[in-house]
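Please keep the sequence and the model in view while reading.

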Amino acid sequence: MEKLIKLFISFFKIGAFSFGGGYAMLPLIEEEIIKVRGWLTTTEFIDIVAISEMTPGPIAINSATFLGYKVAGVLGSIVATVAVVLPSFIVMSILYHFIVKFKNTPYLEWVFTGIRPVVLGLIAAAAVSVAKSAFIDIKSVIIAGLLFYLVSFKNFNAILGIVLAGLLGVLLY
Amino acid sequence: MLFSMFITFFKIGAFTFGGGYAMIPIIQEELVDKKKWIDDDEFMDAIAVAQGSPGPVAVNTSIYVGYKIKGLPGAISATLGTVLPSLLIILAIAMFFYQYRENAIIDKVFLGIRPAVVALILSAVYKMMKKSKFGYKRLLISLGTVLIIVFFSISPIYLIIAAGIGGIVYNKVKVKE
């Protein structure tokens, strides 16, 4: 029980203090789980990050689930996952209500008008950063080109696109 | 409605490889294009708020969109839907498949999926750009953002804050004129 409470506190902290999503969370996890608590070795941690990258879902959630399981079994994985999501839930609830309350003032609309082009840029920049590790040869560039064409111009379903790309990977490599 | 939301977010959670931003094209396709539960502007606002808050961007976006569609119950079912696939898959791996983590076929599948993630994100950008009808001024801001993020390691939060302040100042001046 004490372990579960500690697990909850650690992951709540990790969820509450990692701005900027998944990868920003990793140093925090390293600090809390390896250095402070001593629950894992660095090699195990690297393995967990690799597995989190290979499985669907946000990396933060994946690593919390995996670490929770390693530390305290199935119950541990549930506790860690709930704890890492809870700060998001609380903060987003507050922000959402705040935004609804000020919806009819022009200021909020002005703020979002300013932010929207930046968001578009942030998403495009995310593509660049994934491309750095994804484009390893001409074949990967061709896969990306084909998928972009299918999804943007032929209304091809994005989820089917991922399945197709996985098959292409097996065929081409 | 709540159940159909849960299923949709479960799909989103189950098919996003590569973390946060890989989720955006799928959320866009499912919620904006297919179900029309929110529009493109609302979706971009959700991403902005999600990016400026602690926690995974994908989960934050789901929570916000969940609120938008159906209040607190909506937010809860969106969160459960997004998180549950991860929890189930990772638990299965931790319990049964940990020893198979080095597998040649899986490696090949991922060599194919990684470039596809790039393509999906770019096509989300393309669709948003087309629908947003940004003029050249705002597109220049988008381009500037890409360059700043790619070449300098500045946190996106600062850019979002600066853009929000910029939006107020720009419109205040315009109103005065």
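A residue is called buried if 20 or more other C-beta atoms lie within 10 Å of its own, exposed if 12 or fewer do, and partly exposed in between, the C-beta atoms being placed from the backbone. Helices (H or I, at least four residues) and strands (E, at least two) are DSSP runs numbered from the N terminus. The model is a predicted one, in which local features need pLDDT of at least 70 and side-chain atom pairs count only at pLDDT 80 or more, while totals for chains, interfaces and linings use all residues. Residues are numbered from 1 along each chain as its sequence is written, and chains are lettered from A and ligands numbered from 1 in the order in which they are written.

With these terms in place, helix H1 of chain A can be examined. H1(A) has 16 residues and reaches 23 Å from its first C-alpha to its last, close to the 22 Å expected at 1.5 Å a residue; the expected span is 1.5 Å times one less than the number of residues. Within H1(A), the residues A:Leu7, A:Ser10, A:Phe11, A:Ile14 and A:Gly15 are buried. They lie on the same side of H1(A) because they cover an arc of only 135° around the axis, the arc being that of the directions from the helix axis to the C-beta atoms. An α-helix has 3.6 residues a turn, so residues three or four places apart point the same way. On the other side of H1(A), A:Glu2, A:Ile5 and A:Ile9 are exposed.

Chain A as a whole is divided into domain 1 (2-101) and domain 2 (106-172), with bounds that come from an automatic or database domain assignment. The C-alpha centres of these two domains of chain A lie 26 Å apart.

Chain B has seven helices and zero strands, and its pattern along the sequence reads α-α-α-α-α-α-α. The C-alpha trace of chain B spans about 65 × 40 × 30 Å along its principal axes. Of the 177 residues of chain B, 53% count as buried. Two residues are in contact if their C-beta atoms, placed from the backbone, lie within 7 Å. Among contacts in chain B between residues at least 6 apart in sequence, 59% join residues at least 24 apart.

Where do the two chains meet? In the model, 78 residues of chain A are in contact with 90 residues of chain B. Helices H1 (2-17), H3 (42-54), H4 (59-101), H5 (106-134), H6 (138-153) and H7 (158-172) of chain A each supply at least two residues of the side that touches chain B. H5(A) gives the most to that side, with 24 residues. The residues of this side of chain A divide into 54 nonpolar, 22 polar and two charged; here Ala, Val, Leu, Ile, Met, Phe, Trp, Tyr, Cys and Pro count as nonpolar, Asp, Glu, Lys and Arg as charged, and the others, Gly among them, as polar.

One residue of H5(A) is A:Val119. A:Val119 is buried, with 27 other C-beta atoms within 10 Å. Leaving aside its neighbours within four places in sequence, A:Val119 is in contact with B:Met44, B:Ile47 and B:Ala48.

A nonpolar core is a set of buried Ala, Val, Leu, Ile, Met, Phe, Trp, Tyr and Cys residues joined through C-beta atoms within 7 Å. The largest such core has 105 residues, of which A:Ile123, B:Ala116, B:Val117, B:Leu120 and B:Ile121 touch the most other members. Its largest share, 16 residues, comes from H4(A). Domain 1 and domain 2 of chain A both give residues to this core, so it lies between them. Not counting residues up to four places away in sequence, B:Ile121 touches residues including A:Ile123, A:Ala126, B:Tyr21 and B:Pro25.

Two loop residues complete the account. A:Asn155, in the loop between H6 and H7 of chain A, has a positive phi of about 55° although it is not a glycine. A:Asn155 is exposed, with 9 other C-beta atoms within 10 Å. In chain B, B:Lys36 lies in the loop between H2 (23-34) and H3 and has a positive phi of about 55°, although it is not a glycine. B:Lys36 counts as exposed, with 8 C-beta neighbours inside 10 Å.
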